[in-house]
Structures are given as C-alpha cells and as structure tokens.
Amino acid sequence: MFCLGLSVYTVLFNLYLNEVYSIRTIGSLVGISYLFYGAFSIVSGMLSDMIGPRRVLLLGIIILSGGIFGSVSAQSMMSLYLFTVVTGVGQALTNVMFVPLLTEHSNSEGRAKLFSIAYGTGNLFMFLGTFRAGASADFFKKYYSLPPVIIFKLVLFSAAAIIFISIIPLLAIKREKIGNKPKGTEATVGQKRKATSPHMWIYGLVKLFEGTGVGLTLPFINLFLLARFALSAGTISFIFSSATLFTVVMIFVNPFITRRVGENRIILMYQAVAIPCLLVLGLSTNMWITVAVIICFRALFYAMMPIQSKILMERIPATSRGLTNSIGFMASTVGIGAAGFASMRIVSHLGEGMGYLSLCILSGTLISVSVGIFFKMSRPKKEKENSVPALVS
C-alpha cells in the first residue's frame, strides 16, 4: 500500500509542478525535500533505537501523507516550500525504517528471502502505481476535459490517501520489546559499536557519492522524457512501470544469482552494466534506445539495494542498525538534495542536450566511485603478521 501510493506521487508530482512552476523552482523543491529527508534520517534512526521502527513508521506515514496533501493543496510559494519540508521529514521517518523493521522481525536463515519478498512486492506495487498514475491522468483528460493541473491534483490526492491507509496492515505487526537487553552485555555492545563505527561512516561515504550521482538524473527522468520526446503522462508512467516490473524480476532472481557468483560480485556486475547506460542515456536521441537504457539502469540499480542492505546489516550489531541505516539514508538523501539544486540549473544554463549529457556523465562517475568504496569496505581483509590496523585499507 505504501509503495503503491508513493509511486503515484513520484511519477506525477514533478509533472504537476511543471504545469505551474519553472524548472529551476522544481529543482529547488526537490533539493529541499531531500535535504530535510537526509537531515531527519539521523533523528529517525535515534527514535528507532528508542521506541522501535514500527512506531516511527506509523508516525512517518501520517506526516508523509499530510505533506503530500498539503503540497498539492498549497496556494502560495511559502506554503508549498513548507509542505515540501514536511514531505521530506515524512520520507525520513518512513523509508529509513523498513530495513530495521524487516531485520528485527526475521532470523538469519530467512532474512535473505524476506528481504527479496519485501523489496519484490514493494516494487510490484510500485509497478501498478506507476502504470495506473499516468493512465488515470490521461483518462480524466480524455473523458472529462479537465485542465492538467486539476487532473494531477486529483490523482495525487488519491496517492496521499493510499499512503495513509497503509497504516492498517502495519498495526497488525507485534510491538517491539524495547530495552530488554540481556544482563552483562553492555561492554560487548560498546565494543561492537566501536568496532563497527568505521563500517558505519564508510557506508555513509558510499551512500553520499551514490546519492549525489543518482540525484543528478533519476528524480528528473520524467522531465527529461517530457522535454526530449514530448511524451504524455500516460506514456511516461508506462515507461516507469515497465522499469519497475523489470526491477521486480531482477529482485526475485537475486538469490539464485547470488548463490552462484557471491553477493559482492553481483553488485559489481550490476553496476558494470548500469553505469554505461547513463552515458547512452545522455547521448541517445532515439526514444526506444532511451527507454531501454532507462529500464535497464533503474532495474539493475534498485535490484542491488536489498543485497547491499543485507551485507550491511549482517556487519552491524542490532543496537546500531537503526543509526547505521539512518547514516546511510542521510548521506544518500543529502547527496540527492544537493544534486537537485545543481542539476536543473545545469540544464537551464547549458540547454537540454548538453545539460542532460553533462548530468549523465557526472552521475556515472560518482556512482563508480561509490561502488569502488563499497567493494573495499565489504571484501574480507587479509590479515598480516605484526600489521597495524588501519581505518581504511
């Protein structure tokens, strides 16, 4: 339910803004939303460690649905910026919590399958949401002759309502037992925190490069398609839904590929294909080639996420998982937010052709750096006699 509503919002909100505001304003709004998303990721992690991810998720869903409703209802720039901030906070309190929630309610034997099922079903409903979002907009436009702004508002209101309704199944999950630590484990937990702190902060660096790279391109793919090929909302949502469907397929086959090649290698394999797609995206003027590389890049990039999350969570003690995941989300979203401010200004300054090509090249470079750091962090260290431990090898 959450992913269904969020996917409708993701596809149509920029298109709604494009009907009313300039491209630079859209970039600023995206940037502000992600910066507050990043800033409150740490807060959500701390709250998760205190009251549990389930309760934080409940609060976040209420705030996020309210922020989307307010953003669409806003009558002035001041109120729009205010509700954009609320939306960013809501995203921090929701998206950050799913990995700790899944980890807490699973054991090591079933965790790989649970992560694949959760990410797979989430992406399946994102497929349904992205497919129906544009189709609904085109339906209202064709049969009711409503202005595009009104159409987008109606569909976005429904997205906020669906996100709010996702509270209902969440209430069925058992409450966490917070603070019940076994006696005599305080020193061990402290040692684990100290021992894993390099992993926590290096992972934050990985997500910073990754988020900045992704933020230059992915949030604006819908605007890119609209500008380059003048596609309708229904066609754009069909492209997004196809990418989401392919992502679902890749996520469900992850366990089979991982057993054959290993978790670290599969991440490198996915990125070895995904990163060149960005260069093709910037250069291509053929719609079919462009659509193909968008689908390929998005599917491979998001298929990597559950594997990356699993690798991270297995290296972090339970007492630090919420904070560690929040550090990663904060770094990623701050990177996306900063990129949001810069990307549309680059396009506005250089023009659509050279501007989008520059964004794709920068994006591929930053994601490559991110993958390199993650690989160094996650591979087993070779022990040497009389060697001095180093923070980063």
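## Overall architecture

Of the 393 residues in the chain, 51% count as buried, where buried means under 20% relative accessible area, exposed over 50%, and partly exposed in between (1.4 Å probe, protein chains only). This is a predicted model, in which local features need pLDDT of at least 70 and side-chain atom pairs count only at pLDDT 80 or more, while totals for chains, interfaces and linings use all residues. Residues are numbered from 1 along each chain as its sequence is written, and side-chain values use heavy atoms, with hydrogens and water left out.

The chain has 15 helices and zero strands; these are DSSP runs numbered from the N terminus (helices: H or I, at least four residues; strands: E, at least two). Of the contacts with a separation of 6 or more, 84% are between residues 24 or more positions apart, contact meaning heavy atoms within 4.5 Å.

## Nonpolar core

The largest nonpolar core has 88 residues, and those with the most contacts inside it are Leu 12, Leu 225, Tyr 270 and Phe 297. Such a core is a set of buried Ala, Val, Leu, Ile, Met, Phe, Trp, Tyr and Cys residues joined through side-chain atoms within 4.5 Å. Helix α13 (residues 287-314) gives the most to this core, with 13 residues. Apart from its neighbours within four places in sequence, Phe 297 is in contact with Leu 218, Ala 274, Cys 277, Leu 278 and Ile 367.

## Cysteines

The count of disulfides is zero, a disulfide being a pair of cysteine sulfur atoms within 2.5 Å. For Cys 277, the closest cysteine sulfur is that of Cys 296, at 3.7 Å, too far for a bond. Cys 277 is buried, at 9% relative accessibility.

## Salt bridge

One salt bridge is counted, defined as a side-chain nitrogen of Lys or Arg within 4 Å of a carboxyl oxygen of Asp or Glu. Lys 207 pairs with Glu 210, their closest N and O atoms being 2.6 Å apart. Both residues lie in helix α9 (residues 186-215), three residues apart, about one turn of the helix. Lys 207 is buried at 7% relative accessibility, and Glu 210 is buried at 4%.

## Surface

The chain exposes about 18,100 Å², of which carbon and sulfur atoms supply 68% (Shrake-Rupley method, 1.4 Å probe; for residues, only the protein chains shown count as cover).

Met 1, Ile 62, Phe 164, Ile 165 and Ile 168 form a nonpolar surface patch with about 480 Å² of accessible area together. Patches consist of residues with over 30% relative accessible area and no salt bridge, like charges being joined within 9 Å and nonpolar side chains (Val, Leu, Ile, Met, Phe, Trp, Tyr) within 5 Å. Phe 164 lies in helix α7 (residues 148-165) and is partly exposed, at 43% relative accessible area.
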